[in-house]
Amino acid sequence: MIGNVIKYEQDNIDTDVIIPGTYLKIHDYNELATHAMEGIDPDFPSKVKEGDFIVAGKNFGCGSSREHAPIALSTCGIKAVIATSFARIFYRNSVDGAFLLPIEIDDITYQKISNSDQLEVNIEKNEIKNLTKNEVYSMKPFSEIIAKIIAAGGLFKYKK
Amino acid sequence: MNITEKILARASGKSSLSPDDVVFAKVDKVMVHDVSGPGVLKVFDKLQKQGIDTSKLHDSTKVWIAEDHFVPSAEKISAENIVKLSNFSRQYDIKKHFKYGMGQYGICHTLSHEEALVNPGEVYVGGDSHTNTTGGLGAFACGLGHTDVAYVLLNGEIWFKVPETYYFKLNGKLPPHVMAKDFILKIIGDIGTDGGAYNTMQFGGTGIDEMSVESRLTLTNMTTEAGAKNGIIEADEKTVQYLNERGSNDASVFHGDSDAEYSKVFEYEASELEPTVAKPFSPENITVARELSSTELDKSYIGSCTGAKYEDLLAAAKILKGRKVKIRTEVLPAAISIYKKAVKDGLIGIFLDAGVTVGPPTCGACCGAHMGVLAKDEICVSTTNRNFPGRMGHVESQTYLASPQVAAASAVTGKLTDPRDLN
């Protein structure tokens, strides 16, 4: 997976800014995508490109259980959110619904990645290559169940 | 095993469990509402295209439906979502559908206890993050997204990683004018919005024994704001009586083992707690109410699953009785049963005499949906649970989270007010 970074140097990016509550009534994925990140970056839907990665600080996706959040981001083309930690419902929604990969990195890696860097993410090797800076970082391996659900392509395709 | 481990062990057919074990747990009760219900139907559509059978639920008697976020229908999209819910309950023969305009209805988490829909020791999941609330009855209660809820509806079970448990011990009875809301805000201030992430937050101690069931539900409700998987309080006779009064036939006490282990214990003295407020823009951004006494407000909002239970309205009414509000103030009882009791006991009259607008049960402005959302630069004191940017309306509005007593006292003065300082 190769893509460019949209970096938000912020902790606790919550679901109210990823997709504000007023849009919870909407269940059309394309329409949700037009409001992605509206609370923090209204230009996001116009600048994001297919295959991009969001990079952010700790506790990404905290707040509500709205699956609209990973849906809006993935419909915009985001393949992975790379953060120092995730809130639990956003994390499992992303994986169980097969919307995007929630990838955990350490603080040092978070500091090293800049906005617009081009990254190559390899989840088999737990490795992130920064093609812009010619650096290689490690990511936190997925737990066993998460790795299996990702490999299956979501919870409904996962066989116990 | 502690109570959470014990419930998950029973539900997954294991004799013992430890933190980090992964289980598929059988689910006793499932809830969807007017946001997650249509979301689940969208998942069902996708599954049908993949050839997965969605024509029958695993057990429709375990499912119940609430209408709360955008009701009474805010505009045509939300009206259509309500129609989808009606079709959903008809198609799958779901008997427990609490419809607005047809008797009892209200916020899903409030109905879970008002209607005694969940018993101590059960596994309960809902398509809403504040499902944690119901853990105050001694159940394992956990919020999930649409895909996971769809999985539960079709398969009757779901995976969980067994959480570590943080135990919050409260010694002694809360002082006058200090409410459970103040205690949970203090905890979130101490541990942060990720301080309970992926873990269980369990509450106990003499202060919890003393507390009413509704106060306990305020604590578990906001474990969500600390990122917890679930909040839980072991049921006692008070819990069983509360549920029996509301029609439960099979509620009984369910406890963890006497040698239960906790990964961390936090201890609080009730006598040291004070009316507490979370400033914009995070529930962890707390201070004592007295420090904010010069903060001018535009609005006071007394609503939501967190802050519009009967006891919350009673606390607000005691302050508003014989007084007038100085700023726009709304009270939205969290369920019709609470509304009726508030009418019968004269609370609604007190609110109206004070100048308050009393609205119907709804999540309403708590999640920025409708019924009193905030304009740019408006400042609100609210009994709700979150104050992230844009939570209650415009991204540049501001919300101060507080107890019903603080919200009512502030309504009277127009500034953030510690109820102890009200003349």
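Figure 1. Helices (H or I, at least four residues) and strands (E, at least two) are DSSP runs, numbered from the N terminus. This is a predicted model: local features need pLDDT of at least 70, side-chain atom pairs count only at pLDDT 80 or more, and totals for chains, interfaces and linings use all residues. Residues are numbered from 1 along each chain as its sequence is written, while chains are lettered from A and ligands numbered from 1 in the order in which they are written. Helix α14 of chain B covers residues 404-413; nine of the 10 are buried, so the helix is largely enclosed by the rest of the structure. Buried means 20 or more other C-beta atoms within 10 Å of the residue's own, exposed means 12 or fewer, and partly exposed lies in between, with C-beta atoms placed from the backbone. Among the buried residues of α14(B) are P404(B), Q405(B), S410(B) and V412(B). Their cover includes strands β12 (276-278), β14 (299-302), β15 (328-331) and β17 (379-382) of chain B. Helices α10 (304-307) and α11 (310-320) of chain B are also included in that cover.

**Figure 2. The two domains of chain B.** Domain 1 spans 3-268 and domain 2 spans 276-421. These bounds come from an automatic or database domain assignment. The domain centres, taken over C-alpha atoms, are 24 Å apart. In contact are 35 residues of domain 1 of chain B and 34 residues of domain 2 of chain B. Contact means C-beta atoms, placed from the backbone, within 7 Å. On the domain 1 side, α6(B) gives the largest share, six residues. That side divides into 12 nonpolar, 16 polar and seven charged residues. Ala, Val, Leu, Ile, Met, Phe, Trp, Tyr, Cys and Pro count as nonpolar, Asp, Glu, Lys and Arg as charged, and the others, Gly among them, as polar.

**Figure 3. The largest nonpolar core.** This core has 183 residues, and A72(A), L73(A), V81(A) and A316(B) touch the most other members. A nonpolar core is a set of buried Ala, Val, Leu, Ile, Met, Phe, Trp, Tyr and Cys residues joined through C-beta atoms within 7 Å. Both domains of chain B give residues to this core, so it lies between them. Beyond its neighbours within four places in sequence, L73(A) contacts I18(A), A36(A), I54(A), I78(A), V81(A) and L100(A).

Figure 4. Side chains alternate along β7 (residues 157-161) of chain B. I158(B) and F160(B) point to one face and are buried. Strands β1(B) and β7(B) run antiparallel, joined by five bridges. Pairing requires at least two DSSP bridges between two strands. Opposite E157(B) in β7(B) stands K26(B).

**Figure 5. Where chain A meets chain B.** The contact takes 31 residues from chain A and 40 from chain B. Elements giving two or more residues on the chain B side are β1 (22-26), α2 (36-49), α3 (76-91) and α5 (146-155). The chain B side divides into 18 nonpolar, 15 polar and seven charged residues.

**Figure 6. The fold of chain A.** Chain A has seven helices and seven strands. Its C-alpha trace spans about 40 × 40 × 25 Å along the principal axes. Buried residues make up 52% of its 160 residues.

Notes: Contact = placed C-beta atoms within 7 Å.
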